[in-house]
Amino acid sequence: MKEQDVFVDNSSLSANDCSRKYQLTVCYGCKTPTGAEALFGSAVHRIMEYFVLEPDATLERRQEIIVESANKYQVNAISKLQKVAMAGIMALKKLPKVVVSQVGRPYVEIKFKVHYKDITIGDTIYHIWLVGTIDYVGHDGNQIALVDYKTFAGTAANEKLQEYQLKFQ
């Protein structure tokens, strides 16, 4: 019997609207070009990670983090990133304190891979894996918060930015 791993994440589920897209991206691992919205979202994630790791950063250091993130992800809209970062700082104040590992590493941007099940089709066993990233693990008393930062996508970015809020699920 042949064996094949299939990795399922939010992106692969969004590929379900087109069976060919699903086959190419999920089964064969083909990558699509990263759009401006995705790069902006990656920059926001990096900024939030640093803000969690450096909660007492000075205003100058925060600005440095924003510029570094913009450069890394080729985002020209630094003023937009600044506005989102300020919203992020306010949102982080409402979250439970980040959990820190025994070796002192905060639990931010944690990758996971969980075996879901195996499916046999013909002469192939497909190992189904659920994969993704937890942006932030917080703890407050008896509760653990698994946070996934959400940003917006779309063409009317300037209009959306005025309504922007970090959303947690």
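Student: What makes the contact between the side chains of E54 and R61 a salt bridge?

Tutor: In this predicted model, the side chains of E54 and R61 meet at 2.9 Å, N to O, and because a salt bridge requires a side-chain nitrogen of Lys or Arg within 4 Å of a carboxyl oxygen of Asp or Glu, the pair qualifies.

Student: Why is the contact between E68 and R61 also called a salt bridge?

Tutor: The N to O distance for E68 and R61 is 3.7 Å, and the cut-off is 4 Å, so this pair is counted too.

Student: Why is E64 called partly exposed?

Tutor: E64 has a relative accessible area of 41%, and since buried means under 20% and exposed over 50%, a value in between is called partly exposed. E68, with 31%, is likewise partly exposed, as is E54 with 25%.

Student: What makes the buried residues of α4 line one face of the helix?

Tutor: The buried residues of α4 are R62, I65, I66, S69 and A70, and seen down the axis of α4 they fall within an arc of 130 degrees, so they line one face. These buried residues pack against α3 (36-53) and α5 (78-94), whereas the face turned away from the buried side carries the exposed residues E60, N71 and K72.

Note on methods
Residues numbered from 1 in each chain as written. Predicted model: local features only at pLDDT ≥ 70, side-chain atom pairs only at ≥ 80, totals over all residues. Heavy atoms only, no water. Buried < 20%, exposed > 50% of the residue type's maximum accessible area, 1.4 Å probe, protein only. Helix = DSSP H or I, 4+ residues; strand = E, 2+ residues; numbered from the N terminus. Arc of directions from axis to C-beta. Contact = heavy atoms within 4.5 Å.
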